[in-house]
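Let us walk through this structure.

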Amino acid sequence: MEQPSLDTMLDLHRFSSDPLNWLLLFLYTPVGLCLFLLRLFIGAHVFLVSSVLPDSSLRRLLIRVMSSVLGVVVSESEQRDPTARIYISNHRTHFDHNILGLLVPCSTPSLSCPPGFLCWARGFLELGAPGSRSQLLESLKHYLSQSGSPPLLLFPEEGMTNGRAGLLHFSSWPFSLSDCVQPLSLRVSRPLLSPALAGSGWLVELLWMLFTPYTVYHVRWLPIISRGSRQSDEDFASRVQKVVASSLGVSGTSHTAADQAEHVKRRVRDPPLRTPTVSSATPAAGVMAQRVKEVLPQVPLSVIHRDLAQTGCVDTTITNILEGRVPYVPETAGVNDSQARAGSCPTKAQHRGFARRPEDRHLSLQERKEALYQYARRRYLEKFGSPDPVTEEAARE
């Protein structure tokens, strides 16, 4: 089964493209601004109450009621196991640990925020200055060994997804702390706006939360999972990932948090052109696919349509194919004739076979890539005139 792409796993746009949604958002904005100002005042009181009162069932109930006034609604199904010392959850928003803290006493260590007022105010467990992973594990093991300490709530994805397509790869380090964990699945929904925009900071997301009508967090507790005989931390993590993904109705992937961060940076730096017609069934999409086909006749139309559905741009799709981001099986029929009409596509690498030295193989790859680029560029110039400088530079790289 093919794993979902990062584009489908992340919310890269806060607003929906649906015209009806834009109309409702426009009509709601005056109400939202009034709610925002009112909730700022109430939110300050919620923070004071949570800071002054000691952790108890009464405190969690009181803050949960006050949070509902802020538009945060929390529900849960099934029952948690009181013997569990580690909770494992998928990651949806910057405030998942705060929301789960309203249901059960738990602590979440901060992996990036240095100790201080901000770390404490956001509700993270302070373990000293962030150090190596081994130091973190030692600190957490010492924390778990203390009697009376609340269970740990950990997010092995180490990054947020939209929870609709797939989960990021689960890091193995949380599963080295114990042979028994209780997983849970977390769903978040919100009208008009995305609950969490990829790459957005926690303060921005807090302000949007105060503006929106409400945000619903639904927690489903799953049965405790114990490590199998001679099961490694990595296998244990993969097993728990599959259980959480099955509860959400999505699939587990091998995409890591580092892959996610790099993907978001690339999309922010070079966002694709968005068009309202990217379906292969529309005439405009057929014209776009034909333009790509004329430049790269060896690429199947089905592959072109699939990438155009993601990019919505002829130039970006051509660049993706030239850079090898789009795998495909070349169509040999008609390609040689097209090359003969457009001129030869010389490359010494075509006659070399498999080189013995890695340096020669790398050189052959570069020569083939350059030859393919020159051929595609010549075809593009013949059909459409001067190429886009940005696309040309990206294809060369």
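**Helix H3 and its surroundings**

In H3 of this predicted model, the buried residues are Arg 59, Arg 60, Ile 63, Met 66 and Ser 67. Viewed down the axis of H3, these buried residues fall within an arc of 130 degrees, so they line one face of the helix. An α-helix has 3.6 residues a turn, so residues three or four places apart point the same way.

What do the buried residues of H3 pack against? Their partners are helix H2 (19–52), strand S1 (72–77) and helix H4 (96–101). The face of H3 turned away from its buried side carries exposed residues: Ser 57, Leu 58 and Leu 61.

Now check the length. H3 covers residues 57–69, which is 13 residues. At 1.5 Å a residue, H3 should span 18 Å. The end C-alpha atoms of H3 are 19 Å apart, which agrees. After H3 comes Gly 71, with a positive phi near 90 degrees.

Confidence is highest in strand S2 (residues 86–89), at a mean of 95. Confidence is lowest in helix H13 (residues 335–342), where the mean is 46.

Two stretches deserve a look. Over residues 273–278 the pLDDT is below 50, yet this stretch has 14 contacts in the model beyond near neighbours in sequence. Over residues 358–363 the pLDDT stays under 50 as well, and the model has six contacts for them beyond four places in sequence. Where pLDDT is low, the predicted coordinates should not be read in detail.

Definitions and conventions
Residues numbered from 1 in each chain as written. Predicted model: local features only at pLDDT ≥ 70, side-chain atom pairs only at ≥ 80, totals over all residues. Heavy atoms only, no water. Helix = DSSP H or I, 4+ residues; strand = E, 2+ residues; numbered from the N terminus. Expected span 1.5 Å × (residues − 1). Buried < 20%, exposed > 50% of the residue type's maximum accessible area, 1.4 Å probe, protein only. Arc of directions from axis to C-beta. Contact = heavy atoms within 4.5 Å. pLDDT = per-residue confidence, 0-100.
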